[in-house]
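Reader: I'm new to this one and would like to go through it slowly. Could you put it up and start wherever you like?

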Amino acid sequence: MAHAEHVTAAPAILQEVKPADVPRAELVEHNRSFTWITDKICGIIEDKTPAWWWVCFSVACLVACFTVGGIAYVVATGVGVWGHRSPVNWGWPIVNFVFWIGIGHAGTLISAILCILRQKWRTSINRSAEAMTIFAVVCAGIFPVFHVGRVWYAWYLFPLPNSNVIWQNFRSPLEWDVFAVSTYGTVSVLFWYVGMIPDLAVLRDRFYASGNRIRSFLYGLFAMGWRGSSRHWSNYEMAYMILAGVATPLVLSVHTIVSFDFAVSLIPGWHTTIFPPYFVAGAIFSGFGMVLTLLLPLRAIYKLEDLVTQYHIDCMCKITLATGTMVGYAYAMEFFIAWYGANPYEGFTFINRAFGPYAWAYWIMISCNVITPQFFWFKSVRNNTTFVWVLSLFVNLGMWFERFVIICTSLTRDFLPSSWGVLSPTVVDIFTFFGTFGVFSVLFLLFVRFLPLMAMAEIKAVTPQADPHAGHNILTDRAAAAGKH
Amino acid sequence: MTSHAATAPAALPAETTTASAASKALTAGIAGIALTIVGYFVSGAQVAAMSWLVGVTYWTAMAIGFLLLVLIHHVVDASWSVVIRRQWEHGLASFKWLALLFLPLLISAWVKPGLVWPWMDLSHPIHGGTVGTDVLYAKKAGFLNLNMFTGMTVGFFGSWILLSYLLRKASFSQDNDGAAKWTFMNRRTSAVGVIVAALSLTFAAVYWVKSLEYHWFSTMYGVWFFANCMRGGLSLGIIIMVWLLHRGDYKGVYNTNHIHCISTLAFAFTVFWAYVTFSQYFLIWNANVPEETFWYNIREINADGSPNQWKYVGIIAILFGHFVVPFCLMLSYRFKTTPVIIRRIAVWILAVILIDMCYNILPALKLPNGDPQPFFSITLLWVLTSVVGVGGVCVWSYLKSFPTTKLIPIRDPRIVESLTHHE
């Protein structure tokens, strides 16, 4: 009866529907089966550790030593070995902190926001992007924690009762950062882990079947008894959606608060109302840049072209283009309002950025963040993965320079010429930052080797064979039903 | 009953229904315009012109909202919104009429400079001197001058009309020949159009609204206007959808998920608007720089320090009305998917967007002692007549365009995906 009513409701206009032929790109190419997808992704973990992995891991460990050594030196001697001096008291640590936090943005964006927006293409890239988020937050956290000087007092960042009755300045966005970043890190880990549970169970079962009881036990421990029942899936989907809903405002709040670190001040070039959305757009931009940097080599090494298709690369390039253009809009609007506002200090700051002692950094920033993504307008560029990868490196470079420009140009040339100065990073500064790429790489390589690189269950759900409507068409179905009746 | 299936009811109700509604809308529009002219004689040219600016800006924001929705639809190759897109395209027909309706403001700028925008009159008194002797104006004179204003305004409308023409032409042509080239053409137009629209709406907001108090500046202002445009376009889209559903046009064409999607988008932009507006307010409040805070101060207190009506407009209408109320209501799935309820929420949002426009424009109207004119004054009446006047013409243009094409883009490559859209 209900079906009959449904049929009678079909208006005549539907009989005229005859769509033009512009097929959608497949999210999994070559009609790969569920088994193929499982074997492909689990194979990365199950196969013998490849030689390239050991080489990369060794190099990454070596590079990470720079951070470990740099931090040890700082702790042993004091933050005076870093190059920040008045007037640039924040120096490199805040530049590096904002840089890594920005990279940490895209993972949750891909996972949470694209999930809420029902963008199915996210399924091939979300897992590695989430991992990237967590590792980037780890790298970001190093700088403010050790910048406190006596790191053993870092717990003072939290409002815990103490014998000196010292309380934090709750009106400072730096204190808000503590809560925002720690909450964000916690939710990101939860989101990453919950999403991984069905895949961990697959690995548990496969290792059990192959007789590797130790690994089966370990994966089983983290799979938390997942059996894939309907109830499990129902609870899982609900938990995942709730976490996506929680993570979405969090991901926006983190970089908004990071922008407040600067925008709440009166420093020329910092106090500007567009900072919050501009920082968020910049973070997404840099995050996608890093996702491309990481995924394209992995795609080539593990021959994942059927899972990370050209369509995925196209989408990521287009988001990079869109966010890069938004960042360009913000740069232009800052410049315009600095002139329109007719405040001589603001005006000077922006002229100084473009033509002052740090002009080289400014133009690197403009070239990398505004001009580089414009290449993604061209399909031929997006189809050239090597070129896309090179451009993604420029995006990463440009976004580091953006933070450097914002911080250095404003602080080195503020209101009083008598307080002007320069920022000269020390070797310790440079090595500590350089080493964080090693820390990040070590963690990411471990992830690639021991955890499912892609969300198998989610990828399977976007294949044609998983679509309950596959092969059906509302129009033909209705016509057939009408004929039957 | 089932036999009706083979001979499904006509999709489009008689064109005469639309024609009748169109003539009613036009009549309302002419009446609104006539009453605003009465306002010119009752309250003076400045009040009438400012009210007219509110009306034109408000409806232009709606049309820009439709334009942005169509552009974004094509850029992201969306599917769910195909069945709704045609109505947005009809809404784009209003741009040429909005340009015409903006003309009185442009003429007044030339005939009587300073009537609306004080910087156009160099003898306009300001802070004990005049605009001509104001050092801040001198620095901005390269941007804030009548020639630039005229040229830019013509450019804004020209770009919106051109984009609308291209988007509509390609979409309507596809109904006839079903060629894929129209889809690709619209994607290209939209990719460039998004940038053109972003820049034009930003500078329209700067010239038309922000420069009313030309000492003030905020980098966020264009984003604020963008958020209102999107909210307006989405809310008006919801009202049109529910209207067509109740009329019978959309029966069997769209399902609950379509209205859920557009309502969710409206919810998202409610949050975005709040984010943008809060960020602007917070950063200015926190920095407490007089060059910036004065804009908010005149919306809170009079010269003698007593609170004025705008303070309560800010708290009640802007904070609660514009954000808290729609945010709380649209958290509910049932509210978002029940046509009658979501229509009421959409009407509410449209009303508070109008108040937001008033909040940004009308305090530039000063009393003899320099305080802003209160919100509840006869000006509000002329604002309403202006909104009806401009709105009547816009609705008429939509209804005139409506019967000229198919109800939905029947040859769009994503039309089947849209018709079968599910969560």
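Predicted model: local features only at pLDDT ≥ 70, side-chain atom pairs only at ≥ 80, totals over all residues.

Reader: Where does Asp199(A) lie, and is Asp199(A) buried or exposed?

Author: Asp199(A) lies in helix H6 of chain A, residues 173-209, where helices are DSSP runs of H or I with at least four residues, numbered from the N terminus. With a relative accessible area of 1%, Asp199(A) is buried; buried means under 20%, exposed over 50%, and partly exposed in between, using a 1.4 Å probe and protein chains only.

Reader: Which residue forms a salt bridge with Asp199(A)?

Author: That is Arg127(A), with the closest N and O atoms 3.1 Å apart; a salt bridge here is a side-chain nitrogen of Lys or Arg within 4 Å of a carboxyl oxygen of Asp or Glu. The pair links distant parts of the chain, since Arg127(A) is in helix H5 (residues 126-147) and Asp199(A) in helix H6 of chain A, 72 residues apart. Arg127(A) is buried too, at a relative accessible area of 2%. The side chain of Asp199(A) also reaches the backbone nitrogen of Met456(A), at 3.0 Å.

Reader: How many salt bridges are there over all chains?

Author: The count by this rule is 20. One of them joins Glu46(A) to Arg206(A), the closest N and O atoms being 2.7 Å apart, and that pair connects helix H2 with helix H6 of chain A across 160 residues. Glu46(A) counts as partly exposed at 29% relative accessibility, and Arg206(A) is partly exposed at 25%.

Reader: Changing topic, how many salt bridges are found across the interface of chain B and chain A?

Author: The rule finds three. Among the pairs that cross between chains is Glu16(A) with Lys406(B), at 2.5 Å from N to O, where Glu16(A) sits in the loop between helix H1 (2-8) and helix H2 (34-46) of chain A and Lys406(B) in the loop between helix H15 (378-401) and H16 of chain B. Asp77(B) also forms a salt bridge with Arg24(A), the closest N and O atoms being 3.1 Å apart.

Reader: How much area do chain B and chain A bury between them?

Author: The size of an interface is often given as the accessible area lost when the parts come together. Chain B and chain A bury about 5100 Å² between them, 69% of it on carbon and sulfur atoms, the buried area being the accessible area (1.4 Å probe) lost on being put together, summed over both. In this interface, 72 residues of chain B are in contact with 53 residues of chain A.

Reader: Last topic: how many disulfides are counted over all chains?

Author: The count is zero, a disulfide being a pair of cysteine sulfur atoms within 2.5 Å. For instance, the sulfur of Cys358(B) is 16 Å from the closest cysteine sulfur, in Cys229(B), which is too far for a bond.

Conventions
Residues numbered from 1 in each chain as written. Chains lettered and ligands numbered in written order. Heavy atoms only, no water. Contact = heavy atoms within 4.5 Å. Buried area = accessible area lost by both parts, 1.4 Å probe. Helix = DSSP H or I, 4+ residues; strand = E, 2+ residues; numbered from the N terminus. Polar contact = N/O pair within 3.5 Å; in protein donor to acceptor, adjacent residues only side chain to side chain.
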